[in-house]
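Good morning. I have one structure to go through today, so please look at the sequence and the model while I talk.

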Amino acid sequence: MTAAPQRTCIGCRKVRPKAALVRLVRGADGRVHVDDGGRAEGRGAYVCPDPGCLGKALHTGRLGHAFKRPCEPPASGAAAILNGRVVNDKARR
Ligand SMILES: [Zn+2]
């Protein structure tokens, strides 16, 4: 039995354990942001914590496809997301 949920990275299209991926959510304003806690409401998209995957995933077309609606990529960019993820992981209680 496969217990761990799996999701497809929207950058490389590989299926990986959900826990190993960064969750992106689309806000009501169309702006996509990182769901650090994995609890934000709305449809999520998943991407590897990898600069190449994030770089591809943050293209408007990819996000629009993943969320099936027009999206604005995060203003912070792939590098900031990766840095933020590392910081948040360390700061998490
Ligand atoms: Zn990937």
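Which residues does arginine 23 touch, not counting residues up to four places away in sequence? What you see is a predicted model. The chain has 93 residues, and 34% of them count as buried. There are three helices and five strands. Along the sequence the pattern reads β-β-β-β-β-α-α-α. Among the contacts with a separation of 6 or more, 50% are between residues 24 or more positions apart.

Now back to the question. Arginine 23 touches His33, Val34, Asp35, Gly38, Arg39, Ala40, Gly42, Arg43, Gly44, Ala45 and Tyr46. Arginine 23 is in strand S3. With a relative accessible area of 13%, arginine 23 is buried. The side chain of arginine 23 has another neighbour: one of its polar atoms lies 3.1 Å from the backbone oxygen of glycine 42.

How many salt bridges does the structure hold? The count is two. Another joins glutamate 72 and arginine 31, with the closest N and O atoms 3.1 Å apart. This pair links distant parts of the chain, 41 residues apart: glutamate 72 is in the loop between helix H2 (60-67) and helix H3 (77-91), and arginine 31 is in the loop between S3 and S4. Glutamate 72 is partly exposed, at a relative accessible area of 41%. Arginine 31 also counts as partly exposed, with 31% relative accessibility.

Next, arginine 26. This residue lies in strand S3, which covers residues 22-26. Which side chain of opposite charge is nearest to arginine 26, and how far away is that side chain? The nearest is aspartate 29, at 6.9 Å. A salt bridge needs the nitrogen and the carboxyl oxygen within 4 Å. Arginine 26 has no salt bridge, yet is buried. What the side chain of arginine 26 does have is a polar atom 3.0 Å from the backbone oxygen of proline 70. Leaving out residues up to four places away in sequence, arginine 26 touches Arg31, Val32, Arg43, Phe67, Arg69, Pro70 and Cys71.

Now the metal. Which residues are the protein donors of the zinc ion? They are Cys9, Cys12, Cys48 and Cys53, each through its SG atom, and they lie 2.2 to 2.3 Å from the ion. Along the chain the donors follow the spacing C-x2-C-x35-C-x4-C. Cysteine 12 is in the loop between strand S1 (6-8) and strand S2 (15-17), and cysteine 48 is in the loop between strand S5 (44-47) and helix H1 (51-57), so the pair ties together parts that are 36 residues apart in sequence.

The four donor atoms make angles of 101 to 114 degrees, and the site is tetrahedral. For comparison, the ideal angle for four tetrahedral donors is 109.5 degrees.

Is cysteine 48 buried or exposed? Cysteine 48 is buried, with a relative accessible area of 4%. Cysteine 12, at 24% relative accessibility, counts as partly exposed. Apart from neighbours within four places in sequence, cysteine 12 is in contact with Cys48 and Cys53. Cysteine 12 and valine 47 are 35 residues apart in sequence, and their C-alpha atoms are 8.1 Å apart.

Last, two backbone angles. Arginine 13 is in the loop between S1 and S2. Its phi is near 70 degrees, a positive value in a residue other than glycine. Lysine 68, in the loop between H2 and H3, also has a positive phi, near 60 degrees. At 63% relative accessibility, lysine 68 counts as exposed.

That is the end of my part.

Notes: Residues are numbered from 1 along each chain as its sequence is written. This is a predicted model: local features need pLDDT of at least 70, side-chain atom pairs count only at pLDDT 80 or more; totals for chains, interfaces and linings use all residues. Side-chain values use heavy atoms; hydrogens and water are left out. Donors are N, O and S atoms within 2.8 Å of the metal (3.2 Å for Na, K and Ca); water is not among the atoms, so sites may look incomplete. Four donors count as tetrahedral if all angles lie between 85 and 135 degrees; four count as square planar and six as octahedral if opposite donors are over 155 degrees apart and all others between 65 and 115; anything else is irregular. Helices (H or I, at least four residues) and strands (E, at least two) are DSSP runs, numbered from the N terminus. Buried means under 20% relative accessible area, exposed over 50%, partly exposed in between (1.4 Å probe, protein chains only). Lys and Arg count as positive and Asp and Glu as negative; His and the chain ends are not counted. A polar contact is a pair of N or O atoms within 3.5 Å; within protein, one must be able to donate a hydrogen and the other to accept it, and residues adjacent in sequence count only if both atoms are side-chain atoms. Contact means heavy atoms within 4.5 Å.
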